[in-house]
Amino acid sequence: QQQQPKTKRMSDDAQQATRSRLVWGEKQSESVGRHSLWGYSPARDLLEPMPCSNLDKGEPIRILLMSPGDIRDVLVSLRERWFNKEKMERPLHFYIHESSAQVMARHLLLLSVALDFELPVRQRTSIWLELLGNLRIQEKTATYAERLGNELAEIATATNADEEIESILGAILDLSKLKFRDRDNLIDACHALRIDTHIPDLDNLWDRRLRSHLNIRYESRQGVFDWDYRYEIEKYGAGIIHVKQYKQWRENGIAFEFADQKYNVPNRTLITYAPGILNVGKHRGQRQMIKGYWGDTLTGPYFGLGTHLIDAHVEDSLLKIVDKGTGSERYRHNATVLAAYNLMSCFWTFETGKLYKLSQPDNIYSGLGEDELASRNSDSKKTTQIARQQALARADCIVQTFGGVRVVTLSGDPATSLFSKYEHFFDVIFLGINVSQHLPQVSKLLKPDGAYLHVEAAKFFVPLTIQQRRLYAQKIHAMATIANLKPTYKLQSAPLQDDPAVTELLGECPTAPLDLDLRILSYSSASSLSSDD
């Protein structure tokens with residue numbers, strides 16, 4: 001009886017240690033997975049506000065993205081660049097760091113789809129979202145991904161500028177920072193997108209992940225999915241994700257559906273490798289890299305582009321709530337509609353240099369047909385002339401969009417491939433949620449004055465409880481304070497929760513560091529901002 005309190009104390013300590021490891025990113029839970037295959041925070045313009053650490057207009061603005069999950073911030077930053085003269089005059093270099101060659105190949109594939117201007121905007125949008133978040137895709141999408149994978153492999157095998165493929169991606173992509181081994185792994189990852197490549201049964205892998213996570217709750221999983229939606233998704237302001245949409249993704253991995261398409265081919269871009277121990281075969285007991293689905297099965301791919309709008313002028317129509325006052329209020333549209341609109345808005349601006357505007361408020365595709373209607377109402381000679389003028393204007397806009405843009409790939413252990421080589425080099429840095437524990441080392445990569453660090457917030461990270469989300473935010477704030485970085489968000493006046501881990505880092509601090517409505521934490525070098533910022 002005397003030992004029971006001690007046993008309970010040890011149990012509490014063990015739980016606290018497990019929670020701490022999860023928050024710091026040292027331990028990946030079964031539902032989160034080892035690799036971030038999509039982002040958990042809304043896309044934003046990484047050049048807003050403009051960093052004041054680089055005032056030389058001839059020098060490029062350098063942006064580092066560490067484990068971003070996807071390229072949503074790259075697309076939005078390029079799109080917003082069109083509407084700011086100062087940004088258009090500056091070269092823009094994106095540095096993307098991933099430890100997995102398969103995840104890097106996935107980023108480049110999504111970038112290839114975005115830059116394939118031969119495809120109509122609407123078709124390009126649906127393909128991009130399919131590849132982003134669907135466990136299974138259409139057969140024609142798989143064939144298209146195979147072709148792009150072969151093109152990426154050709155770009156990766158080019159050893160000098162004369163051998164580069166004549167494409168927009170080949171012109172802006174820089175693989176020179178990769179070691180030969182990492183480049184070979186990237187080429188293998190691109191070749192793995194071929195339809196005839198053998199891969200594990202993704203449906204079986206998904207189901208096994210569900211069974212492992214839910215355990216005895218597997219038979220009542222629909223109730224578990226509904227609970228997670230009500231108290232972890234809808235509660236935090238993401239009700240635009242429809243409950244049926246979320247529960248379907250949790251069940252079978254299909255996040256985005258368009259019309260009556262059949263999704264019956266495995267999405268090979270989701271296949272990655274993770275270290276594991278073989279349980280069968282002659283190599284039983286040996287540690288090897290295991291091929292499988294090692295991504296998220298709990299939160300979903302909706303939060304990057306599907307829960308907010310990058311254009312404020314369409315919020316009234318696309319975020320409209322119907323049946324108000326009836327007890328069954330709901331959004332007229334869902335996350336798929338918002339994600340499609342945001343992507344089309346980016347693609348449209350890339351090609352036209354204009355803001356995407358809807359001719360019908362509730363139809364996200366209504367802004368695509370203006371040029372077609374103008375052509376139909378004119379005679380054949382004028383039609384040809386207008387088409388030629390539109391093609392020339394479109395080509396000119398594409399050239400301007402990607403003028404001065406570079407995408408540099410980085411891979412390997414950040415301690416050797418990043419931290420020791422790029423001190424005081426970047427103007428903007430984005431840290432994904434699974435690498436946020438590297439904030440102290442990453443802070444040394446920022447330029448001394450006026451550089452910004454964006455850390456992905458845990459507001460929509462379903463695996464964490466409310467206490468863990470607060471703890472995560474408080475630890476990020478503590479690390480930033482120790483690194484002599486100044487927060488640009490406002491501190492709360494409420495006292496900190498009684499948490500030993502936080503008290504050890506911050507001491508008796510009278511303010512709480514995070515408003516949970518903040519999607520991204522932004523920091524700037526302390527010497528460049530006044531106390532009123």
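A cavity is, on a 1 Å grid over the protein atoms alone, a set of points where a 1.4 Å probe fits but cannot get out; lining residues have an atom within 4 Å of a point. Grid points are joined across faces, edges and corners, and a volume is the space filled by probe spheres set on the points.

This is a predicted model, in which local features need pLDDT of at least 70 and side-chain atom pairs count only at pLDDT 80 or more, while totals for chains, interfaces and linings use all residues. Residues are numbered from 1 along each chain as its sequence is written, and side-chain values use heavy atoms, with hydrogens and water left out.

**Exercise 1.** Determine the volume and lining of the second largest cavity.

*Solution.* 
1. The count of cavities of 30 Å³ or more is 4.
2. The lining residues divide into 6 nonpolar (Ala, Val, Leu, Ile, Met, Phe, Trp, Tyr, Cys and Pro), 1 charged (Asp, Glu, Lys and Arg) and 2 polar (the others, Gly among them).

**Exercise 2.** Describe how helix 5 packs against helix 6.

*Solution.* 
1. Helices are DSSP runs (H or I, at least four residues), numbered from the N terminus.
2. Helix 5 (residues 121-133) and helix 6 (residues 139-157) pack at about 85°, with axes 11 Å apart; axes are lines fitted to C-alpha atoms over the stretch in contact, and angles run from 0 to 180 degrees between N-to-C directions.
3. Helix 5 is therefore roughly perpendicular (65 to 115 degrees) to helix 6.
4. The contact (heavy atoms within 4.5 Å) joins Ile 127, Glu 130 and Leu 131 of helix 5 to Thr 141, Tyr 144 and Ala 145 of helix 6.

Note on methods: Helices (H or I, at least four residues) and strands (E, at least two) are DSSP runs, numbered from the N terminus. Angles under 35 degrees count as roughly parallel, over 145 as roughly antiparallel, 65 to 115 as roughly perpendicular and the rest as oblique. On a 1 Å grid over the protein atoms alone, a cavity is a set of points where a 1.4 Å probe fits but cannot get out, and a pocket is an open set with protein on both sides within 12 Å along at least five of seven lines; lining residues have an atom within 4 Å of a point.
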